[in-house]
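This briefing goes through selected features of the structure shown below, grouped by topic.

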Amino acid sequence: MYMTATCIYWSTTSITCAPLATDTATSPPVRSGTLTRRWAHRTLLSPWKRTFLKKKMQKARMSQWEKLLQMPQCFTPQLQDLYDREGLPMDVRQYLSAWIESQEWERAASDYNLAMVLYQGLLENLDIRYSRFVQEKSFLKQHNIRRYKQNFQKFQENPCELAQNIWWFLKEETDILRTADLAMQVQSLQVEQEGIETNTQRDLDRRMASLKNEVQCMEHKMVCLEEQQDEFHFKCEIYQMEATADNTEQGKIQLLINNLNESRKDTLCGLNKTLKIAGDLIDTLVNKEIVQWQRRQQKACIGAPDSVCLDQLEKWFTCVAECLFQVREFLFKLQELVEKVSYKNDPVKEHKPLLQSKAEKLLSKLLTSSLVVEVQPSMPQGKGPLVLRTGVQFSVKTRLLVKFPEMKNSMEVHTSIGAPKIKGCRHFNVLGTVTKALSMSESQSGGMVADFRHLTLKEQKSGGGGRGTGDLSLSVTEELHIICFNTTFVLKGMSVDLQATSLPVVVISNSSQLNSAWASVLWFNMLSQDPKDLMFFANSQAAPWPQLGQMLSWQFLSAAKRGLNDDQLEMIALRLFGKQQNYDTCTVDWSKFSKENSPDTFWVWFDSIVVMVKTYLEDLWRDGLIMGFVSKGKEKLLLKQKQRGTFLIRFSESVIGGITFSWVESTNGDPEVKTIQPFTKNDLAQIHFHEIIQNFLILEDENVPENPLQYLYPDTPRDEAFGKYYTDKTGNDNPHLKYIKTRLMFVSKGDKLEPEPYPFRDMTEEDQDQQPVNGECGGDAVFPFQEEFFLQDDPMFWTHLNDDLMPALPNPFN
């Protein structure tokens, strides 16, 4: 039943007072009487309030002035600026810090009697401090204290003004401390990453700190609300026990319940504000930060130098999740309070269910996006990630961005594989340890991860006889599959099903498909903005040249730690599009990139060079000694302007996986460019390329061997450029073995032209008049010496020559 004194009222039947949780066996006896019951009531604190008060007491041990003095140095100027003003000297603030902070200056600013008491107390404390300095014989401090006291005496007629001044200083100090606390919270959320922290990260850190501050404020409000309700509950019991009908007492109770109603409204508004801040943060994390991270991971999988570290995201996700779980606890506490005290038009009954639903939805949205694939599926000896072979083990790692240590080993992640919905598409089973628990022991950063290291794929038997004639025409290496991971998050009554998927993988059954499969992975992750688009190759889009050129540069960057420069990219564009004024508007179709002119497609030519550089030429490429991608026409223009013996190293345009060098000679006063037949991986597997450069000799008409390679383009002496790579390969490396010294030698014989270019290359007129060395230079190329009895039918072969024969030959380096 309800009464209607002022819309809100109390009665013995309308207020439900649940018994307080305590151990009655150890509680002191409760005697009748107001004071005894008040004492008993105040000593029975709920565990929730007891924990809060304990933390509050620990933090309150340090005075406000001590906290100010321990702030970081960057905030010291603010404190100094504050006390440059007149009104409260810094010395007085320091000497009397404990007394000043314990007084009610805010109330004294409007209460003359209290202000006068505090004014007199201030002067008395100054006298005490003065006497101490007299004993210490500190003349300067005595002088300052006496001067401060004289200045304060002007407030004798208006002590409220003094109280107002001191209260203003204390409020300003509080603002400075709050700013410093927020800055320190932001700093605690930050994590060291490569590169400079972005403005977005700083903004998110600031917003995270603001959310944590709001939650702390709400924690304080909840304690105050509980105390206010306890006081109301206690007075109601006293009123009911005394059974008086005193209108004055009844008016006091009505005032208490009105105040309680306002406090509940204020608490609900605070919770709603906190949820709004959390919602905005979740939108940023889920719709922006995670999406951007996934795109960076896509690019990193194909060689981009983008950071894919998850530590910062984990801190942000965990921070928001912790705050939302605390909000849920506040809402549960509100429900407990309502069950104890309720009244007509209670705002908690009306608004709490809506807030509860909003908190649950926000937490569910955050958790749903918190399971990610940290390390994409890859084979130990694969060409790159996302290419898997049936029957070969692969590994993959998932990570939960909401880090709650109490949940370690309690969440199991299950693995499966999904396929595109295409008739005739292959289907696979995942074998191995397909279920693992999230653990912190398998992560270097201490994250919650499930590291699957021994998984394999096995193709399912098809009962339909394979692909039908009417099926979508996709090759095996154009079929995209995804590895799926499922688990359930259960904590504090919250249960949410989580799923994460890998980037699309290409599944092959033979190593001959590896090159084509990697091309598909590159093309998808370069162009696709949807990481779950398994039908991408059903209608693949063309690649703009700027985007394609960047991806090609990443291949060299990841393989040999040095990408392609603008001149090298221009030569590749010339090969693809022919001579153009501007390549930025050019596009390349998927078929031209990896399917036309099979098996010698553009991608096969380019990838063979990447493999050769990574395997045999990494150091030379990283040091910039290989010009690499330069057309024959441009090569001629560059070398003819240089002195005799200038050479450059480039990749062959016609021999798959070939590298060669050209140099400039002077024939009858005219510069002439000579080119050696390209070397392939078979040659480089037997001798280092820098040794070929070092020992390369050419027999002139007089049969005098000479090394024509003198200056690496533009003008670096050969030995200065390659000297640090030189080694002496002899048979006398072991001093205990007395062998005849030998030297490994490469002999070239015969007129061998470079093969004609493959049809996918657009030749220019100036390209076609450049021919390799084929006898026109006056003799055969020798490495470093040639005798007729060594020659065989093959144009190139290896042999060993006794070093004892070498002194009889002219020294080509003199």
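A residue counts as buried when its relative accessible area is under 20%, and as exposed when that area is over 50%. By that cut-off, A517, W518, A519, S520, V521, L522, W523, F524, N525, M526 and L527 in helix α15 are buried. The model is a predicted one.

**Overall**

- The protein contains 24 helices and 22 strands.
- Of its 814 residues, 47% are classed as buried.
- Taking contacts between residues at least 6 apart in sequence, 71% link residues at least 24 apart.

- Helix α15 covers residues 514–527, which makes 14 residues.
- From first to last C-alpha, α15 reaches 20 Å, close to the 20 Å expected at 1.5 Å a residue.
- Helix α15 is mostly covered, with 11 of its 14 residues buried; the buried ones include W518 and W523.
- Helix α13 runs over residues 311–340 and has 30 residues.
- The span of α13 between its first and last C-alpha is 44 Å, close to the 44 Å expected at 1.5 Å a residue.
- Helix α13 is likewise described as mostly covered, since 22 of its 30 residues fall under the 20% cut-off for burial.

**The four-stranded sheet**

- Four strands form an open sheet in the order β6-β4-β8-β9, and the pairing is antiparallel.
- The edge positions belong to β6 (435–437) and β9 (494–501); each has a single partner strand, so one side of each has no neighbour in the sheet.
- From one strand to the next, the twist averages 25 degrees.
- Strand β4 (residues 412–418) pairs with β6 in the antiparallel sense over 3 bridges, and H414 stands opposite T435 of β6.
- Helix α14 (residues 347–368) packs on this sheet and touches β8 (482–491) and β9. The direction of α14 makes about 30 degrees with that of β9.
- Strands β8 and β9 run antiparallel and are joined by 8 bridges; C484 is placed opposite T501 in β9.
- The hairpin of β8 and β9 has 2 residues between the strands, and K492 there takes a positive phi near 50 degrees.

**L491 in strand β8**

- L491 is part of strand β8.
- The relative accessibility of L491 is 12%, and because the cut-off for burial is 20%, L491 counts as buried.
- Beyond its neighbours within four places in sequence, L491 is in contact with F325, F404, E406 and M407.
- L491 and E406 are separated by 85 residues in sequence, while their C-alpha atoms are 9.3 Å apart.

**The five-stranded sheet**

- Another open sheet has 5 strands in the order β15-β14-β13-β18-β19, with mixed pairing.
- Strands β15 and β19 (716–717) stand at its edges with a single partner strand each, so one side of each is left without a neighbour in the sheet.
- Strand β13 runs parallel to β18 (residues 711–712), and 2 bridges join them. The bridge partner of F647 in β18 is L712.
- Helix α21 (residues 632–640) packs on the sheet, where it touches β13, β14 and β15. Its direction makes about 165 degrees with that of β13.
- Strands β14 and β15 (residues 670–675) run antiparallel, with 6 bridges between them; T667 stands opposite D670 in β15.
- β14 and β15 form a hairpin with 2 residues between them, and N668 in its turn has a positive phi of about 55 degrees.

**E653 in the loop between β13 and β14**

- E653 lies in the loop that connects β13 (646–651) and β14 (659–667).
- The relative accessible area of E653 is 4%, so this residue is buried.
- A polar atom of the E653 side chain lies 3.4 Å from the backbone nitrogen of K632.

Definitions and conventions: Residues are numbered from 1 along each chain as its sequence is written. This is a predicted model: local features need pLDDT of at least 70, side-chain atom pairs count only at pLDDT 80 or more; totals for chains, interfaces and linings use all residues. Side-chain values use heavy atoms; hydrogens and water are left out. Two strands pair if DSSP finds at least two bridges between them. Axes are lines fitted to C-alpha atoms, for helices over the stretch in contact, and angles run from 0 to 180 degrees between N-to-C directions. Contact means heavy atoms within 4.5 Å. Buried means under 20% relative accessible area, exposed over 50%, partly exposed in between (1.4 Å probe, protein chains only). A polar contact is a pair of N or O atoms within 3.5 Å; within protein, one must be able to donate a hydrogen and the other to accept it, and residues adjacent in sequence count only if both atoms are side-chain atoms. The expected span of a helix is 1.5 Å times one less than its number of residues.
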